[in-house]
Amino acid sequence: MTWKVGNLELKTPIIIASGTWGLGDTLLQYLTPQELTYAVGALVTKGLSLEPMSGNPPPRLMETPCGLINSIGLENPGIKTFLEDYYPRLRELKIPLIFNLHGNSEEEFIRLAEILREVGEEAIELNISCPNVKKGGISFSQSPEVVFELIRGVRKVFEGFIAVKLSPVGPVMETALACESAGADALTIANTYPALGIISYEPLRIIRGGLSGPAIKPLTLRLITEVSSRIKLPIIASGGVMSGKDVFDYLLMGASAVQIGTANLIDPWSPIKIYEEIKELLRSYGRLLDKGNT
Amino acid sequence: MKKALVIENEPLTERIGLLSLKVDQHLCMAFNPGQFLKIGLSDGRFDPLFPRPFTVHSLQKNTLRILYQVVGKGTRALRIIKAGSYVEVLAPLGQPYPKDIEFPLALVGGGVGVAGFGFLLERLSSQRRKETALYYGASKRSDLVRLDYFKSFEVPLRLATEDGSLGFKGYITDLLEKDLKERCFRTIIACGPLPMLKRLKESLKGSGIKLYLSLENFMACGTGFCMGCVLPKRSGGYVHLCKDGPTLLAEEIEL
């Protein structure tokens, strides 16, 4: 069985989300290559920028009821170091890689896409929740027109698979429509939800970040249901998947594949467990899905 | 994560407990002192969402023990686990204590921060134990748990309580500083509350003693996946406590 997300073909509908398996250097301490190729359809890399980023000062994490607020700040060694030091080992796994890209301007996104084209990589995911420095620091995701121009620009230099990872807040539907008309191949719905947690009063420690985990799954499920009813682009669901049922819920409501994020942080073995569960559910209820998967 | 049988969950005080788990031979061989494991409840609950990290207190004959203090919902949930039930564990995680320890060595534990030194003492040769002292402090006598166990290693045991109910009256750092006027250590490994670690770092500056600190903060993954448990490095950037630590050279980090 293969799972199609636009022109991307996956062996399973399970994708490991960006930022939830580090840079890949410790992944194989916990999972064998056989386990990974068995259960995982694709891996989305840590968000990569042109230059190294050291990330945010602590606190970067806070657990909330059934959720996690994170404010990692896109810590990454930059695309050049990633390609030199981490990529060769990941390529050997023979699991499709989707490069999550983070740019501060349209030009940066375009340069990142060019670098990947030069190494022969064929799939990218654009993180548009980052601030657009040239537009006064407002997030790309808040302006469908800017997102449209961004995708047009990236498309000119990159013929491969382009997914756009949408923020769950702001003009989501308008942005999704802009992605569709600008020539994106898929939407990843969605990034984490803007959130705030108070860790302590004295000293006052506050974390502003993104909420993930099972707490957000019903929110993202509804978002996907609404977007999929109006947009033809394939949707990759991402939000609080903990079980095979969560995956099936998303597939039933219009997703073509599903990312697992926070669950990996709880247990690196989650993708395998969830894949076993979804196989079972597909045997019982697979007939309910009609997404053109074969 | 793997399932592990709870052999015993013994309350030692109102807030401190000793959890004993049965683990397989493979895990016993894989663990080194200073490393930690994540423990989660296996009842499918999402709150608390994350398994909690604990250092290994003791590992003998397929029995792994952790010493824990109830501070939040993770440890509250742990408190009610019964013998005969199962928990989920992910292990071993983190780096062991440094391999190049120069002796004489002082181990300094504040409260349940003493936990990891049990496993270290179990693995030290009797020769090395003769060059090792254990400093162990708590607020009161009843909080100095596992004393008989620590006495069994026959290392000098220096005790302190804030209320003076057992041993030296004051902080364990006061006792160590007093002793350092007459005794010499080449390495100190400390684990305990942040003010204690800050004080040690400050007072040992320029002493020539190598100071290692075993640190904790909230961890999500414990595996290096999320990059959340960072501490600023003195040279810039961050260390990732779960992957690079939990024991780090004091001079290399900002507390």
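In which hand does H6(A) pass H7(A)? H6(A) passes H7(A) in a right-handed crossing, where right-handed means that the near helix is turned clockwise from the far one by less than a right angle, and left-handed that it is turned anticlockwise. The model is a predicted one, in which local features need pLDDT of at least 70 and side-chain atom pairs count only at pLDDT 80 or more, while totals for chains, interfaces and linings use all residues. Residues are numbered from 1 along each chain as its sequence is written, with chains lettered from A and ligands numbered from 1 in the order in which they are written.

**Helix pairs in chain A**

Helices (H or I, at least four residues) and strands (E, at least two) are DSSP runs, numbered from the N terminus. Axes are lines fitted to C-alpha atoms, for helices over the stretch in contact, and angles run from 0 to 180 degrees between N-to-C directions. Here are the two pairs.

| Helix pair | Axis distance | Angle |
|---|---|---|
| H5(A) and H6(A) | within 8 Å | roughly 25° |
| H6(A) and H7(A) | 10 Å | about 45° |

The angle of roughly 25° between H5(A) and H6(A) makes H5(A) roughly parallel to H6(A), whereas H6(A) and H7(A) are oblique to each other. Angles under 35 degrees count as roughly parallel, over 145 as roughly antiparallel, 65 to 115 as roughly perpendicular and the rest as oblique. The crossing of H5(A) and H6(A) is right-handed. Residues making that contact include A:Val147 and A:Ile151 of H5(A) and A:Thr175 and A:Ala178 of H6(A); a contact needs C-beta atoms, placed from the backbone, within 7 Å. Towards H7(A), the residues A:Val172, A:Met173 and A:Ala176 of H6(A) meet A:Leu223, A:Val227 and A:Arg230.

**Two loop residues of chain A**

A:Ser141 sits in the loop between strand E8 (123–127) and H5 of chain A. This residue counts as buried because it has 26 C-beta neighbours inside 10 Å. Its contacts beyond four places in sequence include A:Val147 and A:Thr175. A:Asp25 lies in the loop between strand E3 (14–16) and helix H1 (27–30), and counts as partly exposed because it has 14 such neighbours inside 10 Å. The cut-offs are 20 or more other C-beta atoms within 10 Å for buried, 12 or fewer for exposed, and in between for partly exposed, with C-beta atoms placed from the backbone.

**Sheets in chain B**

Seven strands of chain B form an open antiparallel sheet in the order E4-E3-E7-E1-E2-E6-E5; two strands pair if DSSP finds at least two bridges between them. E4 (52–55) and E5 (58–60) each have a single partner strand, so one side of each is left without a neighbour in the sheet. The twist averages 35° from one strand to the next.

Strand E13 (residues 210–214) of chain B has four of its five residues buried. E13(B) pairs in the parallel sense with E12(B) (residues 187–191) over five bridges, with B:Thr187 opposite B:Lys210. On E16(B) (residues 247–249), E13(B) has an antiparallel partner joined by three bridges, and there B:Leu248 is the bridge partner of B:Leu213.

Notes: Two residues are in contact if their C-beta atoms, placed from the backbone, lie within 7 Å.
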